[in-house]
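Trainee: I would like to learn how to read helix packing and chain contacts from a model. Could we go through one together?

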Amino acid sequence: MKNFIFDFYGYFVFFYSLLLIVIHTLCMVASFIAQRREKIFFSIPYIKKLLTDSPYTPGISIVVPAFNEENSVIANVKSMLCVDYPKYEVIIVNDGSTDSTLDKLISSFDLVEVPFAYRELLKSAPVKRILKSRRKEYSILTVVDKENGGTKADASNAGINVAQYPYFVDTDVDCFIEPNALYRLIWPVLSNHKKVIAVSAAMMISQGSRIVDGRMQYERVPHSLYPLFQELEYMRSYLVGKMGWASINAISNVSGGFGFFDREIVIAVGGYDSNSFAEDMDLTIRMVKYMRELDIPYKIPQIPETCCWTEAPSNLALLGRQRTRWARGLIQWLFVHHKVILNPRYRQVGILLMPYMLLFEFLAPFVEVGGVGVFIWLILTNSVNWTTVWVIFLMIYIFCLFQSTVICFFSYFVGSTYRRYVFAREGYILLVIAAMLEPFLYHPFITFFSLKGFFSYFTKRNFKWVNMSHKGFEGGEENKSVFVPAENATVSVTMQKRRVNDED
Amino acid sequence: MNDTILYGFDYILYYYYYYYNVFIGYPLVVKISIFIILVSILISFILFIGILILYMGKIRERKILHYLKVTYRDKVKTIAVDPAVHSVEDIIVSLNYDRKKPLGVKQKRLLTRLLALFKVELSDRLNRTNYHNIILAFDLIPFFEREIQFARPRYRMRMLMWIRYLEESVSSVVLTPQLYNRNSQIRKAAQATFMWDSSADPFRFFDNADFDSNFRPWDKIDIHNIFENRLRWNKNIPNVTQWIRAPKNEIIKPLFACEIRYWHKKDECPYLLDTFFETNDMNLRCEIAKTLGYMKYVEAEQKLTCSYTAQPEKVKQAIILSVTMMQSGLSVSFLCSAYFDAVDISTKMAALEGLFDYGIQGRHEFESLELRANISDVILFEHIKNPIINQQKREIA
């Protein structure tokens, strides 16, 4: 019986991995086809020219919740005001910051309170006041000062209520938006026959890059360990996973870090859910359900080009906190939307995506830990067939490396600026080295944090939202993104000590 | 022992069968694993070669671009901004361009890109005639035509865009086969380029079923640009009323109503007014109301205000805007009643905005309403009056 269980488990793990490899390979192929198509039909200068002159150019609101971001808020808001698009606005939502975030905004942008007729279309904590700039050059900036709602979702909802354009981008204060990002985001909306309800765009890690005068001067691969691994993970997720799933219109998540949404649909589904730990995933699936239930053809595309750089958790403690929350979010998401799983009404999302999320995102950490346990037991009982073990391990390892080669190729193919350093230390070589080390130095921690998240969800441990305080585009060291403000073109080196808030 | 020494192909064949037999003997799990390992290594190697090829291609491209910049940039810029007209022959001599040894396809592609870049850089100072002559001097028109006919879809598509970007034209004969290309994106780009310049029934595509079913929001922007360009080059634009009622696509109908507004086709107002009452399309009704208002077609004012109560909120707001734009001075009471009767806050705000912008009479009424406003409405009045909030609104408008 014992042998049977171990044999069964061995075969289960093998075919489980095999299925995962097949899915990833299909995603790679689909992604490559989609990228080629995108390359053929997308031309920035032409689109820019027509959109700049056209009265039909749709407006876009950039909604940016901020909580205790005094270190980075000014530089980041300035970078957002530098985005190139003929019709957009920036809405900063001060989510009851207890530091000087709001004071800094008021003094830097000459803000005054205005009698704004605020309409609560989506639920959020009470809005105290709305501020706008007296200076004409900042007329596109609106600051919403509200009571702390405890979550980013709550602040985003308040921002969406104030937004006046039909589309909005939801992002974070620690994000730097690529100047042409809005053109890239609006193109799938304009060039599709179907209604595009959201657009997911690729994000990269900002540590290692340099931003001057609100423009990215160079982007380089982060040199510190954890941001580097996360960069690899992001590239894999956006260039292979999401691109692949988007090709069958079954994207699981339009990231809250940088996501583009149709405001009307978001309002129709009730906006972000403040109780969700994965508010972006939850919103995406609710929008999909809404469209399917009303039988309206829709599309959620993925853009392969990098549109945004974000500051990644730079140490294990912060990373752990982030990943634990993501794991809790995933399991909550699966529970809340369990009726979609294998439900033919939701087509590819119900039949393919949701089972995939259940089997390969939720179950994977359990299978991995179970596999390690069985392996240890087999070693102890001296019943390991080492030849087979090495071959299987090698297969998994080589496939991981293969995936990294593929993402390097895709990144080069879509025109990432890493290609300037293709054979240099700053470019793909570092990513390949990271890919070699990832299974040993990074992946075990991610598995642990996922299990910790699941455990805390099942044990209903009290979970508080915490501020992942950011350095912003400041500093001058190699592993930090550097922001040089427009009026002062010298690099300000203000190394603020990162404050780590306790989770519980 | 009689050993056989293997040579050439037999040697490879021997090892092939040797490893094949070893492989066949493995269990299924190992076989699959080895297969995946080998395929992964092989594809990784191919991708590495791919990156190398792309990298070399990029280096070559950079070299060509550098050569073009060094050789032609300054001369081209000087000629392009010179107010005096330079003939094609003069330009060939000044550029020292040898037409017997013309640039290659890759070089011409990059040159086209470079010229487009100069166009943006020099925009206001550009002498159109000289710029066109530079393109002729480099013999680029035949190159454009060749690209449209024979290049890969990517370059074909790009060229169709570049032609419009550079404000050049190619022979209709070259475009005609592309107008019915299987690829809908190329077909649309070719049709847009054709409409942009041609005089041979250029807008015939508007009657096609394909135009209706494949219409994208981007086509709206494209069509507006085509009309704009034709008017700039003193070419006629069609009477679009014929296409307002026919299409089934919900985006197309309002588009033509908008275009009438942008090009001030006031003669078409009576037709639009009839359509307003005949159509069930809410978006079309909205756009017609705005168009009538924008063109100050005061004959429509009474009819629109009479139909006001029977309209959905979106159309009500469009009627309020329309009446405000007409500024006939007769609708103050209508705007007041629109404010009092509004059940939707957006309609209420639209009515107040209308009053605020409705000359002295409207402003006076706005102020008196403000004095009588209940506590929940005070903020609406303040919102509308506020110059900082209005500043952005004016910029958007």
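Trainee: How many helices and strands does chain A have?

Mentor: In this predicted model, chain A has 15 helices and 15 strands.

Trainee: What share of the residues in chain A is buried?

Mentor: Burial is judged by counting neighbouring C-beta atoms, with 20 or more within 10 Å as the cut-off. Of the 504 residues in chain A, 48% are buried. As for contacts in chain A with a separation of 6 or more, 79% of them join residues 24 or more positions apart.

Trainee: Is helix α6 of chain A mostly covered or mostly uncovered?

Mentor: Helix α6(A), residues 181–190, is mostly covered, with 10 of its 10 residues buried. Among the buried residues are Tyr183(A), Arg184(A), Trp187(A) and Pro188(A).

Trainee: At what angle do the axes of α7 and α14 of chain A cross?

Mentor: The axes of α7(A), residues 225–247, and α14(A), residues 428–441, come within 10 Å and cross at roughly 95°, so the two helices are roughly perpendicular to each other. On the α7(A) side the contact is made by Leu228(A), Phe229(A) and Leu232(A), and on the α14(A) side by Leu430(A), Leu431(A), Ala434(A), Ala435(A) and Glu438(A). By class, this contact has 7 nonpolar residues, no polar ones and 1 charged.

Trainee: Why are α17(B) and α19(B) described as roughly parallel?

Mentor: An angle under 35 degrees counts as roughly parallel. In chain B, the axes of α17 (residues 332–341) and α19 (residues 359–372) come within 10 Å and cross at roughly 30°, and the pair is therefore roughly parallel. The crossing of α17(B) past α19(B) is right-handed.

Trainee: Which residues of α17(B) and α19(B) meet?

Mentor: From α17(B) come Val332(B), Leu335(B), Cys336(B) and Tyr339(B), which meet Gln361(B), Gly362(B), Glu365(B) and Leu369(B) of α19(B). The classes in this contact are 5 nonpolar, 2 polar and 1 charged.

Trainee: How many residues of chain B are in contact with chain A?

Mentor: To read an interface, take the residue counts, then the elements that supply them, then the classes. Here 47 residues of chain B are in contact with 46 residues of chain A. On the chain B side, the helices that each supply at least two residues include α2 (28–81), α7 (153–166) and α11 (217–232). The largest share, 17 residues, comes from α2(B). By class, the chain B side divides into 28 nonpolar, 12 polar and 7 charged residues.

Definitions and conventions. Residues numbered from 1 in each chain as written. Chains lettered and ligands numbered in written order. Predicted model: local features only at pLDDT ≥ 70, side-chain atom pairs only at ≥ 80, totals over all residues. Contact = placed C-beta atoms within 7 Å. Helix = DSSP H or I, 4+ residues; strand = E, 2+ residues; numbered from the N terminus. Nonpolar A, V, L, I, M, F, W, Y, C, P; charged D, E, K, R; others polar. Axes fitted to C-alpha atoms, helices over the stretch in contact; angles between N-to-C directions. Parallel < 35°, antiparallel > 145°, perpendicular 65-115°, else oblique. Left-handed = near helix turned anticlockwise from the far one by under 90°. Buried ≥ 20, exposed ≤ 12 C-beta atoms within 10 Å, placed from the backbone.
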